2 protein chains.
Amino acid sequence: MTYCVAIKVNEGLVFAADTRTSAGVDDVRTYNKLHVFEFAGERVFTVLSAGNLATTQAVLAHLKRDLDDPAAAVSLRNVRHMFDAAEYVGAVSVKAQRDTAAHMQLGNTVDLRTTLILGGQIQGEEPALYLIYPEGNCISSSPETPYLQIGESKYGKPILDRVIRPSLPLEDAARCALVSLDSTMKSNISVGPPIDLAMLPRDALRITHTLRLDLDTPLLAQLREAWGQALMSAFRSLPRFDWEMSDAQGSLLRDEVDD
Amino acid sequence: MTYCVAIKVNEGLVFAADTRTSAGVDDVRTYNKLHVFEFAGERVFTVLSAGNLATTQAVLAHLKRDLDDPAAAVSLRNVRHMFDAAEYVGAVSVKAQRDTAAHMQLGNTVDLRTTLILGGQIQGEEPALYLIYPEGNCISSSPETPYLQIGESKYGKPILDRVIRPSLPLEDAARCALVSLDSTMKSNISVGPPIDLAMLPRDALRITHTLRLDLDTPLLAQLREAWGQALMSAFRSLPRFDWEMSDAQGSLLRDEVDD
């Protein structure tokens, strides 16, 4: 599996992805799932992918081929709006799946689908995030739903639901994405390090930071330890049951002062 | 959906469950998913259920009928070991599914399966927890895996993975179960209040506490607020990125002292 998350706050966009792929438990590899197409000062796109790796690679190859072809009718270089980019990438994805399916034997049950997140900004437009379904259609993020997830998304959702607001600073959104990835890696071995992170501040029209964080990269190691300790101390601060009154006078007195 | 969790620590067992059932989004109801069979001083069993509600109710009715029948060859009153109880409940579940399936029309795709957690203690034995699959077979908890979940289990798993250890006091295990339920309810509307909680201390051979907690029950309201605030302050305490150095001298200095 895979876990990718993209967050849109007022200050810009954050993208994060794990790098573990598996075609069975004895065929686990590391692949980049965060792909940047940057035309600095003009337009920037980031694609996150979850699903069939061959389909994903076919989509990326197609996007690059169109970029290199001056005669291409549509490409990431010439789409007018972010929504047009999402529709274009969706059409490329559907074509990649169809092309492979046409060569598949009857009864073959390989799942060719890939789900993508496309985010970025075109000069003169708002930054935007889209989740592109395997069917090629898409949904955008919104102020009420300022993040999009693909892949193994449930473990890392509660922290996003609690923390992410459009007013959150971009670096806090990035930290929250890392915590969301870390929680997922702790609970599901199909999602694994290193973690890729990219930050696209509003109107910068270039990716200002890309990080690849392994478990022993100081930032991620510190963040994991700090989060684990802070969570345990948060847990210890929770209110007591009635019947614990007599056993825990000290902490209860503190609770009463806080009330 | 449903979310139930049972935790085994050295001090005993904790059971928690939501109460929301749905047969479609326009047919949402509240049902008890935590069922206690207590023979105080001798043996106590708790059953948690996730899946087809009719199958679950058929299983519970069968268990009660066997208890009321002095001639029953096997019942929760006379099983010798906790594992025997789990096998018996599994067999009852398989029978309930088969009985209904026998009356179903060909091509009917209703999912009759139910997944159960059985926990408890029989005098002279260790407390034990079993997850009973729809197929009737079961797995037990272990010191390395001291909790079992059924239903919508992913959202609430990270906090269990971080906090639950066999050495944890029973009340802390109960608090962790409540946090796990609360996180799930925040991220998934198919899991909903009130929450049922039951505690079975080791060798008590009776349930010492059962609580039904709604969102406005003071304990749950306080716990939700305290956890939300503590999480946010945990989040704010996380280490900064390198490039934030100049912007956040104060907090970085504090980080350096902590190192």
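How many residue pairs are in polar contact between chain A and chain B? Keep that in mind as you look around; the tour comes back to it. One thing to know before you start: this is a predicted model.

**Stop 1: the two domains of chain A**

Begin by colouring chain A by domain. The domain assignment places residues 3–215 in domain 1 and residues 216–259 in domain 2. The centres of domain 1 and domain 2 of chain A, taken over C-alpha atoms, are 36 Å apart.

**Stop 2: where the domains touch**

Now select the boundary between them. Here 14 residues of domain 1 of chain A are in contact with eight residues of domain 2 of chain A. About 980 Å² is buried between these two domains, and carbon and sulfur atoms give 67% of that area. To see where domain 1 of chain A loses the most area to domain 2, select A:Val179, A:Asp182 and A:Leu215, which together make up 46% of what that side buries.

Next, show the cartoon. On the domain 1 side of this contact in chain A, helix H4 (170–187) and strand E12 (209–213) each give two or more residues. H4(A) has the largest share, with seven residues. Colour that side by class and you will find eight nonpolar residues, one polar and five charged.

**Stop 3: chain A meets chain B**

Bring chain B into view. In this interface, 42 residues of chain A are in contact with 42 residues of chain B. The area buried between the chains is about 4,100 Å², with 71% from carbon and sulfur atoms.

And the opening question? There are 14 residue pairs in polar contact between chain A and chain B, both residues at pLDDT 80 or more. Moving along chain A, look at helix H3 (157–163), H4, strand E11 (195–201), E12 and helix H5 (218–236): each supplies at least two residues of the side that touches chain B. By class, that side of chain A holds 24 nonpolar, six polar and twelve charged residues.

**Last stop: a bridge between the chains**

Six salt bridges are found across the interface of chain A and chain B. To finish, zoom in on B:Glu152 and A:Lys154, whose side chains meet in a salt bridge at 2.6 Å, N to O.

Terms used: Residues numbered from 1 in each chain as written. Chains lettered and ligands numbered in written order. Predicted model: local features only at pLDDT ≥ 70, side-chain atom pairs only at ≥ 80, totals over all residues. Heavy atoms only, no water. Domains from an automatic or database assignment. Contact = heavy atoms within 4.5 Å. Buried area = accessible area lost by both parts, 1.4 Å probe. Helix = DSSP H or I, 4+ residues; strand = E, 2+ residues; numbered from the N terminus. Nonpolar A, V, L, I, M, F, W, Y, C, P; charged D, E, K, R; others polar. Salt bridge = Lys/Arg side-chain N within 4 Å of Asp/Glu carboxyl O. Polar contact = N/O pair within 3.5 Å; in protein donor to acceptor, adjacent residues only side chain to side chain.
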